[in-house]
Amino acid sequence: QLTPSFLRIGQLSNVDLNEDIRELETELPRQHPNEIPHNEKLLSLKYESLDYDNSENQLFLEEERRINHAAFRTVEIKRWVICAMIGILTGLVACFIDIVVENLAGLKYRVVKGNIDKFTEKGGLSFSLLLWATLNASVVMVGSVIVAFIEPVAAGSGIPQIKCYLNGVKIPHVVRLKTLVIKVCGVILSVVGGLAVGKEGPMIHSGAVIAAGISQGRSTSLKRDFKIFEYFRRDTEKRDFVSAGAAAGVSAAFGAPVGGVLFSLEEGASFWNQFLTWRIFFASMISTFTLNSVLSVYHGNAWDLSSPGLINFGRFDNEKMGYTIQEIPIFIFMGVVGGILGALFNALNYWLTMFRIRYIHRPCLQVVEAMLVAAVTATVGFVMIYCSRDCQPIQGSTVAYPLQLFCADGEYNSMATAFFNTPEKSVVNLFHDPPGSYNPMTLGMFTLMYFFLACWTYGLTVSAGVFIPSLLIGAAWGRLFGISLSYLTKGSIWADPGKYALMGAAAQLGGIVRMTLSLTVIMMEATGNVTYGFPIMLVLMTAKIVGDYFVEGLYDMHIQLQSVPFLHWEAPVTSHSLTAREVMSTPVTCLRRIERVGTVVDILSDTSSNHNGFPVVESNPDATQVAGLRGLILRSQLIVLLKHKVFVERANLSLVQRQLKLKDFRDAYPRFPPIQSIHVSQDERECMIDLSEFMNPSPYTVPQEASLPRVFKLFRALGLRHLVVVDNRNEVVGMVTRKDLARYRLGKEGLEELSLAQT
């Protein structure tokens with residue numbers, strides 16, 4: 001019996017593996033089994049690693065020697081140009097999303113509001129409910145269909161996927177143009193469809209896709225090559241630009257350039273240097289500035305740069321919003337509450353995601369579920385507004401769509417400000433409405449309902465972020481907390497509910513996603529207030545410590561549920577007893593330095609072992625000489641060699657033979673042709689192929705006695721894809737790849753080893 005290792009909710013998802021296997025056997029003739037057995041103690045083999053390490057073969061070294069100092073300077077200038085372009089384009093995409101959402105949502109709310117006002121007088125409000133639910137469900141249906149049927153990678157916020165990409169895992173389709181288009185359309189539709197989602201998370205993914213696209217100077221989806229930036233066509237460079245794109249996405253979403261850089265540092269990039277920081281900061285600044293200027297022009301005040309991000313928390317003025325020393329324990333207590341609620345959210349979502357992976361894996365079912373959630377969200381909102389008797393005077397309030405319903409003339413329903421609005425606006429209202437705008441009962445009911453709605457919504461097949469819903473839940477219970485405090489202290493001056501709404505929002509978000517550093521800075525930049533730096537940091541740290549005690553963060557949880565071989569910063573603490581000999585994969589498929597073409601083709605075509613790197617050993621070992629390691633060659637390089645037919649026999653006909661350049665390898669990147677598409681005739685199979693100038697002659701190696709933490713550190717810090725294990729005679733004994741290291745994880749009982757699965 002496998003018991004998931006978090007809370008005792010785990011008891012519900014016990015799986016008897018034999019039963020599952022029996023079920024599968026009986027249902028194999030049908031294409032879709034009803035249940036996919038899924039277990040989080042697996043690592044999937046469908047993910048490949050990125051090559052962060054350059055292959056320093058003779059071609060590479062010759063090219064680098066040819067480039068003089070001036071040429072290197074132009075490369076550096078190109079990098080800055082690319083970063084500026086990333087910033088500008090990310091800002092423009094954010095503007096597009098913002099303007100379209102504002103107009104479509106405004107249209108929807110005006111239609112529904114007119115309808116409700118009409119039917120309040122003459123009865124028949126059930127028709128209004130039907131209209132609202134139908135509008136929501138139909139919009140979400142479109143948004144869900146494009147994601148489920150066209151590009152499933154665009155589902156969710158995309159942060160786990162980008163986190164994996166920056167960690168060095170190649171997730172299929174994650175930085176394609178198609179993904180970007182679906183992502184942008186999907187997020188517009190899901191926010192307009194009234195789901196409990198925000199448009200901030202997907203901005204990070206969009207920025208990353210834009211960066212990956214621009215830095216390559218061509219689009220493989222559109223089959224267009226602009227012949228620029230060819231030097232950057234390799235994983236090393238592409239990955240640095242993707243981290244810049246992710247940062248630009250954060251800073252466009254929250255108006256927080258420094259927060260964006262820190263987000264890339266904390267959540268994403270595994271490799272970091274000073275130049276990269278400076279370029280990423282540049283991209284973030286440009287993206288915020290672009291968004292700001294375009295939105296200012298759109299709102300009609302061209303010279304007033306007042307909207308730096310997609311969400312603007314508004315200014316908190318210092319006079320009435322200071323804090324005193326005796327409030328610090330209160331803030332810490334709020335952090336504890338946020339951590340517990342965040343852990344509850346993650347545990348429920350974990351359980352729900354397991355259910356989704358097992359039963360809701362057909363696209364049509366996923367679309368139906370998304371429509372169901374949309375309709376339920378509208379219904380819950382309507383029923384809450386209908387049952388609420390909380391009326392507030394209209395004058396002096398900043399409500400976009402005041403619903404009167406059963407209130408007296410000149411008053412509006414205050415539950416409607418929370419539900420009948422886009423989530424961003426609701427958050428700002430909770431932060432800034434004057435004390436007394438909300439009834440505690442209203443806030444309590446709203447928090448409860450929205451918590452479950454947001455939990456149910458995250459992980460649907462729509463593009464949507466979890467940032468804003470968490471902020472909204474937190475702001476609601478924070479404000480409730482502030483109101484009850486001022487009741488208890490008989491209305492002292494320091495219990496301003498807006499301040500507690502801010503702290504609650506930080507606590508809730510920190511408890512769900514568990515980011516500390518970047519989140520503190522993002523909240524400070526978004527509120528434009530440095531005074532709160534210390535309390536926000538305290539709240540976030542407490543929330544993270546308390547939450548981690550129960551269950552891991554939401555993004556890490558989803559990475560683990562998708563069985564991605566993700567490498568954390570350090571090897572598991574108790575793993576010193578393991579050595580490279582126990583971790584490595586054996587036996588290794590080696591190639592000789594001068595190899596028969598037929599052998600190479602057979603090795604590459606063998607589906608049972610789809611290796612991507614092959615150690616190259618000395619070609620003719622006689623009795624005196626051992627077959628020592630001479631280099632390492634990649635599958636992609638071999639495929640290019642076979643495609644261009646670089647064989648020794650042809651090298652003698654030096655007129656025909658065009659020297660292969662690095663450009664030939666770069667042009668094939670990133671989608672190398674599969675071996676099946678390359679035709680090798682029977683005569684060619686007998687030719688020989690010389691690998692010496694294409695292999696990397698100095699691959700990283702470790703002796704087989706090295707301990708696991710040492711191997712891990714080398715592998716992780718250099719971003720390797722293959723690490724060759726040799727014995728004391730320099731003969732190849734094994735190979736360490738990402739899966740061998742990611743297999744070992746610290747569980748509740750100590751070190752546990754995951755099994756590998758072909759899913």
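Me: In this predicted model, contact means heavy atoms within 4.5 Å. What share of the contacts in the chain with a separation of 6 or more is between residues 24 or more positions apart?
Reply: The contacts counted here have a separation of 6 or more in the chain. Among these, residues 24 or more positions apart account for 77%.

Me: How many helices and strands does the secondary structure of the chain come to, and what percentage of its residues count as buried?
Reply: The secondary structure of the chain comes to 29 helices and 18 strands.

Me: What part of the accessible surface of the chain belongs to carbon and sulfur atoms?
Reply: The accessible surface comes to about 32000 Å². The part belonging to carbon and sulfur atoms is 62%.

Me: Which residues is Phe420 in contact with, leaving aside its neighbours within four places in sequence?
Reply: Phe420 is one of the residues with the most contacts inside the largest core. Leaving aside neighbours within four places in sequence, its contacts are Tyr109, Val112, Lys113, Trp132, Ile385, Tyr401 and Leu403.

Me: Is Thr447 buried or exposed?
Reply: Thr447 is found in helix H16 (residues 440–457). Leaving aside its neighbours within four places in sequence, Thr447 is in contact with Ile473, Ala476 and Trp477. The cut-off for buried is under 20% relative accessible area. Because its relative accessibility is 12%, Thr447 counts as buried.

Me: How far does helix H20 reach from its first C-alpha to its last?
Reply: Helix H20 (residues 533–550) has 18 residues. At 1.5 Å a residue, the expected span is 26 Å, and the helix comes close to that, reaching 26 Å.

Me: What covers the buried residues of H20?
Reply: The buried residues of H20 include Ile536, Leu538, Val539, Leu540 and Val546. What covers the buried residues includes helix H12 (328–359), helix H18 (497–513) and helix H19 (517–527).

Me: Why is strand S15 largely enclosed by the rest of the structure?
Reply: Strand S14 (residues 723–726) runs antiparallel to S15 and is joined to it by four bridges. Leu723 has Val736 as its bridge partner in S15. S15 (residues 732–736) is largely enclosed because, of its five residues, the number buried is four.

Me: Which residue takes a positive phi in the hairpin of S14 and S15?
Reply: This hairpin has five residues between the strands. The residue with a positive phi, near 60 degrees, is Asn730.

Me: Which residue stands opposite Leu629 in S11?
Reply: Five of the six residues of strand S11 (residues 629–634) are buried, so S11 is largely enclosed by the rest of the structure. Strand S10 (residues 613–617) pairs with S11 in the antiparallel sense over five bridges. Opposite Leu629 stands Val617.

Me: How many disulfides does a search of the whole structure find?
Reply: A disulfide is a covalent bond between the sulfur atoms of two cysteines. Among the cysteines, Cys687 is buried at 12% relative accessible area, whereas Cys364 is partly exposed at 44%. Over the whole structure, the number of disulfides found is zero.

Definitions and conventions:
Residues are numbered from 1 along each chain as its sequence is written. This is a predicted model: local features need pLDDT of at least 70, side-chain atom pairs count only at pLDDT 80 or more; totals for chains, interfaces and linings use all residues. Side-chain values use heavy atoms; hydrogens and water are left out. A disulfide is a pair of cysteine sulfur atoms within 2.5 Å. Buried means under 20% relative accessible area, exposed over 50%, partly exposed in between (1.4 Å probe, protein chains only). Helices (H or I, at least four residues) and strands (E, at least two) are DSSP runs, numbered from the N terminus. A nonpolar core is a set of buried Ala, Val, Leu, Ile, Met, Phe, Trp, Tyr and Cys residues joined through side-chain atoms within 4.5 Å. Accessible areas come from the Shrake-Rupley method with a 1.4 Å probe; for residues, only the protein chains shown count as cover. The expected span of a helix is 1.5 Å times one less than its number of residues. Two strands pair if DSSP finds at least two bridges between them.
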